[in-house]
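This report walks through one protein model, from its overall make-up down to single side chains. Keep the structure in view while reading.

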Amino acid sequence: MALVPDVASSTDPVPVEEHGTPIDAPGLNYFVFGLFFIFGGITSLNDVIIPKLKELFTLSFFEASLVQFCFFIAYAVVGIPGARFVKKIGYMRGAVAGLLTMLVGCLLFIPASQSAVFGVFLFAYFILATGVVLVQIVANPLISLLGPVKTTHSRLTFAQAFNSLGTTIFPFFGSILILGSLASITAAELSGAELDAYRTAETQAIVNGYLGLAAALAVVAGVVWMFRNRLKGERHEETSFSEGLTLLKRPRFGYGAACIFLYVGAEVAIGSFIVNYLMQAEVLNIPEQEAGKLISIYWGGALVGRFIGSGLLRIVSPGLLLATVATGAITLIAISANSTGELAGYSLLAVGLMNSIMFPTIFSLACEKLGPRAADGSGIINVAIAGGAVIPAIYGALADATSLATALALPALCYAIIAGFGIFARRPA
């Protein structure tokens, strides 16, 4: 990832050389930490809003999963074009473009609420996610380039901890603001004009929350624009779309990209329906708002694990540590699916701790030695994040056909494949 003299293995079908030195931009890492915090927090709010919209529009689990589908499909649509766009205008200006797109997405919740149409909400989520994709294309490779190659795994994991800080804080307050406003009646009891009025009134809490986010994003975008020329030594290798895809011929990168797809899908699938899972009579049997607050434990586990993991990755093989936590996630899912009460609830919440190092470790293992093609690799990885659109939809369909507990077999399978990648990539590229 960092631009240091080295050459890929001679057995690599697409060898990539790295040259030069890491980018010298003192203090810029704090800016990147802020980006991780912002897009992590905004993404995690989906977990709070899904049960809200499920009730308002009387949706099945599969239909409710369309929120995540429209959000994460943006990674597939925007990932590679977004990487080329960032390469053309630079990391800092790319971050500004992403933040402003996120701002537009937040403002689109106003007409979504006024129309009381589920499809308009889905469109707003797609635009919001487009901005998140652009910001993430900037953040992941940039933090890798801001230091020596030997600490890339640790540095990216530490930065991801700020992502987890956002995912821990946002759902807690979001559940108070959004789920706390649910009325004593339900959408299923209403029809016609009364139903439209109820939906408009109840979604106003969502609008208020995203208007606040829009104001904050405007301030952050302004600050970043002021420092748009701060990054010195930035360079990118110009490649065509087809040339970028040749990175998938590298077994390590191709397997890693597939694991990003599976990891994000598993993490989002659990997070999307964990409120409904905890509310079940055989699990915790608690109200919606209280279950929503517990999402912070799921994401908070990832926060704690990433701070711990950033230290462990300096002394432990990243691949073996990845295989270990993936196996731990499978174990916790098995316990939850085959038990009841607090054991079932809190063992599933604890999967967040196992998730902690997965994304940054898979990303850095897959992208080792990409050098000036780091933006291409980041774009493809961002396409793979579309697993957050596909896996939750399949999970929702399985839950509708069986149960939320039985459907947990799907994320468990995802984690099993990730454990295999950890063993495969246990040695340096």
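In helix α9, the buried residues are A205, I206, V207, Y210, L213, A214, L217, A221 and V224. The helix covers residues 204-226, which is 23 residues, and spans 34 Å from its first C-alpha to its last, close to the 33 Å expected at 1.5 Å a residue. The model is a predicted one.

**Overall make-up**

The protein has 20 helices and 2 strands. Of its 429 residues, 60% are buried. Among contacts with a separation of 6 or more, 84% join residues 24 or more positions apart.

The table sets out the lengths and spans.

| Helix | Residues | Number of residues | Span, first to last C-alpha | Expected span |
|---|---|---|---|---|
| α4 | 91-107 | 17 residues | 25 Å | 24 Å |
| α9 | 204-226 | 23 residues | 34 Å | 33 Å |

Helix α4 is mostly covered, with 12 of its 17 residues buried. The buried residues of α4 are Y91, M92, G94, A95, V96, A97, G98, L99, M102, L103, G105 and C106.

**The nonpolar core**

Which residues have the most contacts inside the largest nonpolar core? They are Y210, M358 and Y415, in a core of 137 residues. Helix α6 (residues 118-145) gives the largest share of this core, 17 residues. Apart from neighbours within four places in sequence, M358 is in contact with Y263, L322, V325, A326, A329, Y415 and I418. Y210 is one of the buried residues of α9. Y210 also belongs to an aromatic cluster, together with F57, F109, F118, F121 and Y125.

**Aromatic pairs**

There are 21 aromatic pairs in the structure. In one of them, the ring centres of Y30 and F33 are 6.1 Å apart and the ring planes stand at 85 degrees, so this pair is edge-to-face. Y30 and F33 are 3 residues apart in helix α1 (residues 28-56), about one helical turn. Are these two residues buried or exposed? Y30 counts as exposed because its relative accessibility is 60%, while F33 counts as buried because its relative accessibility is 9%.

A second pair is formed by F72 and Y75, with ring centres 5.7 Å apart and planes at 20 degrees, so the pair is stacked. Both residues lie in helix α3 (residues 66-89), 3 residues apart, or about one turn of the helix. F72 has a relative accessible area of 4% and is therefore buried. Y75, at 2% relative accessibility, is buried too.

The spacing in these pairs follows from helix geometry. An α-helix has 3.6 residues a turn, so residues three or four places apart point the same way.

**F36 and its contacts**

F36 is also part of helix α1. Its relative accessible area is 0%, so F36 is buried. The C-alpha atoms of F36 and A139 are 7.0 Å from each other, although the two residues are 103 residues apart along the chain. Not counting residues up to four places away in sequence, F36 touches A139, N140, I143, L156, A159, Q160, F162 and N163.

**Charged side chains**

Side chains of opposite charge can pair when their charged atoms come close. How many salt bridges does the structure hold? It holds 1 salt bridge. This bridge joins E290 and K293, whose closest N and O atoms are 3.7 Å apart. Both residues lie in helix α12 (residues 288-293), 3 residues apart, about one turn of the helix. E290 is partly exposed because its relative accessibility is 37%. K293 is partly exposed as well, with a relative accessible area of 22%.

R306, in helix α13 (residues 295-312), is a contrasting case. R306 is buried yet has no salt bridge, and the nearest side chain of opposite charge, E267, lies 4.8 Å away. Leaving aside neighbours within four places in sequence, R306 is in contact with T157, Q160, A161, N163, S164, Y263, N355, S356, I357, F359 and P360.

Note on methods: Residues are numbered from 1 along each chain as its sequence is written. This is a predicted model: local features need pLDDT of at least 70, side-chain atom pairs count only at pLDDT 80 or more; totals for chains, interfaces and linings use all residues. Side-chain values use heavy atoms; hydrogens and water are left out. Helices (H or I, at least four residues) and strands (E, at least two) are DSSP runs, numbered from the N terminus. The expected span of a helix is 1.5 Å times one less than its number of residues. Buried means under 20% relative accessible area, exposed over 50%, partly exposed in between (1.4 Å probe, protein chains only). Lys and Arg count as positive and Asp and Glu as negative; His and the chain ends are not counted. A salt bridge is a side-chain nitrogen of Lys or Arg within 4 Å of a carboxyl oxygen of Asp or Glu. Contact means heavy atoms within 4.5 Å. A nonpolar core is a set of buried Ala, Val, Leu, Ile, Met, Phe, Trp, Tyr and Cys residues joined through side-chain atoms within 4.5 Å. Rings of Phe, Tyr and Trp (its six-membered ring) pair if their centres lie within 6.5 Å; planes under 30 degrees apart count as stacked, over 60 as edge-to-face and the rest as tilted.
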